[in-house]
Structures are given as structure tokens and as C-alpha cells.
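User: I'd like to learn how to read helices in a model like this one. Can you walk me through it?

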Amino acid sequence: MADVTTSESIGDLLDRLCEIVPDYPQPGISFKDLTPVFADPVGLRRMVDELIAPFEGQFDIVAGLEARGFVLAAAAAYASGKGMLAIRKAGKLPREVYRDEYTLEYGTSCLEVHKDEIAPGTRVLILDDVLATGGTVGSAVRLLRQAGAQIVGVGVVLELDGLDGRTKLEGQQVVSLQVVHS
């Protein structure tokens with residue numbers, strides 16, 4: 001098991017391990033790539049521990065948003081001894097689903113979850129890699145409420161400031177490990 005004893009802050013760890021990719025996905029954007037943190041055993045462990053610590057004892061299952069949220073949620077579920085719920089893009093799940101459609105800058109998208117995987121009243125912690133405008137995470141909150149779940153909070157690794165993502169999550173406890181200034 002990875003030794004996670006360190007005096008390095010989570011912000012410093014993320015700064016050290018993340019790769020900055022200029023002009024991705026479009027010119028003028030500097031993309032902060034978390035995949036090196038996922039590949040580092042101490043980085044992954046610290047990131048997951050920091051995300052779930054504020055919610056310890058409050059959740060029954062961890063929901064992860066496609067795709068990088070799956071990595072975080074699976075690791076968090078394992079670390080906390082809970083199950084993991086996959087929130088997928090439309091058309092990826094084979095059984096009956098709850099669905100929520102949301103607006104993107106240019107069009108719409110949809111998230112789905114199997115109806116038989118979550119019982120009403122289940123306490124859910126939602127995890128994802130980035131909170132930007134709040135569209136995707138907001139959709140996940142609505143989707144899980146439609147299923148009768150109780151959302152205990154949202155954990156994200158990076159929060160992009162200036163995009164007002166938190167405003168779409170009013171009433172939710174949101175924990176972000178690092179705010180990225182644009």
C-alpha cells in the first residue's frame with residue numbers, strides 16, 4: 001500500500017503531478033491533465049482521501065460521472081468500503097434508466113443511470129474530475145434526485161473559477177481540491 005504520509009499540500013501535489021497542455025482542446029486554453037495523478041500511487045491515494053474525508057460516514061454509495069469520474073468514484077468506493085454507481089452518457093446502459101438532458105454551449109447532452117441500481121433514500125456522494133459551468137454535475141444531481149436519492153455532496157479535483165459552476169449546485173456541499181484560475 002502506498003505511503004501517503006507527506007507534508008505536501010494537495011494543491012502542491014496536484015501542481016507537481018499534473019501536466020499542463022497548452023492550446024487544448026482549443027487555442028488559448030491551458031488544459032490541466034490529471035492522468036499523471038491517477039498514475040501516481042501516492043497522488044491517487046491522496047486525491048481520493050481528500051475528496052471523501054469531508055463526507056466520511058455520510059454516504060452509502062459513490063457516483064462517478066463518465067469518464068474520469070469513474071476512476072475517482074471506483075477508488076473512493078474501494079477506499080470507503082462502499083459501492084460505485086456509474087452515471088453514463090446516453091445510450092450506454094442496457095437496462096431501464098432514469099435520464100436527464102442538459103444544455104451545453106452548443107447543443108444538449110444527456111446522462112443516465114440504471115433504475116434498479118439505486119434505492120430511494122440512498123445517500124450518494126458524487127465525484128468528478130472538474131467543475132466548470134456546472135452543467136454535467138448539475139445534471140447528475142437532478143438525475144439522482146429523480147431516482148429518489150439523497151445527495152450528500154459533490155467532490156471535484158479541479159474547479160475552474162470564473163465559470164460559475166457552483167451556482168448550478170446551490171444547496172449542495174461542494175468540495176474542490178484546487179481552484180484553477182483562468
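**Reading the helices**

Analyst: Let's start with Ser 139, which lies in helix H5; helices here are DSSP runs of H or I with at least four residues, strands are runs of E with at least two, and both are numbered from the N terminus. This is a predicted model, where local features need pLDDT of at least 70, side-chain atom pairs count only at pLDDT 80 or more, and totals for chains, interfaces and linings use all residues. Residues are numbered from 1 along each chain as its sequence is written, and side-chain values use heavy atoms, with hydrogens and water left out.

User: Is Ser 139 buried or exposed?

Analyst: Buried means under 20% relative accessible area, exposed over 50%, and partly exposed in between, using a 1.4 Å probe and protein chains only. Ser 139 has 0% relative accessibility, so Ser 139 counts as buried.

User: What does Ser 139 touch?

Analyst: Contact means heavy atoms within 4.5 Å. Leaving out residues up to four places away in sequence, Ser 139 touches Asp 100, Tyr 102 and Leu 111.

User: And what about Gly 135?

Analyst: Gly 135 is in helix H5 too, and it is buried, with a relative accessible area of 12%. With the sequence neighbours up to four places away set aside, Gly 135 touches Tyr 102 and Lys 168.

User: Which residues of H5 are buried, and what covers them?

Analyst: The buried ones are Gly 135, Val 137, Gly 138, Ser 139, Ala 140, Val 141, Leu 143 and Leu 144. Their cover includes strands E3 (61-65), E4 (83-89), E5 (97-104), E6 (107-114), E7 (123-131) and E8 (150-160).

User: What span should H5 have?

Analyst: The expected span is 1.5 Å times one less than the number of residues. For the twelve residues of H5 (135-146) that gives 16 Å, and the end C-alpha atoms are 16 Å apart, which agrees. After H5 comes Gly 148, with a positive phi near 90 degrees.

User: Which residues make the contact?

Analyst: H1 brings Ile 10, Leu 13, Leu 14 and Leu 17, while H3 brings Gly 43, Arg 46, Met 47 and Glu 50.
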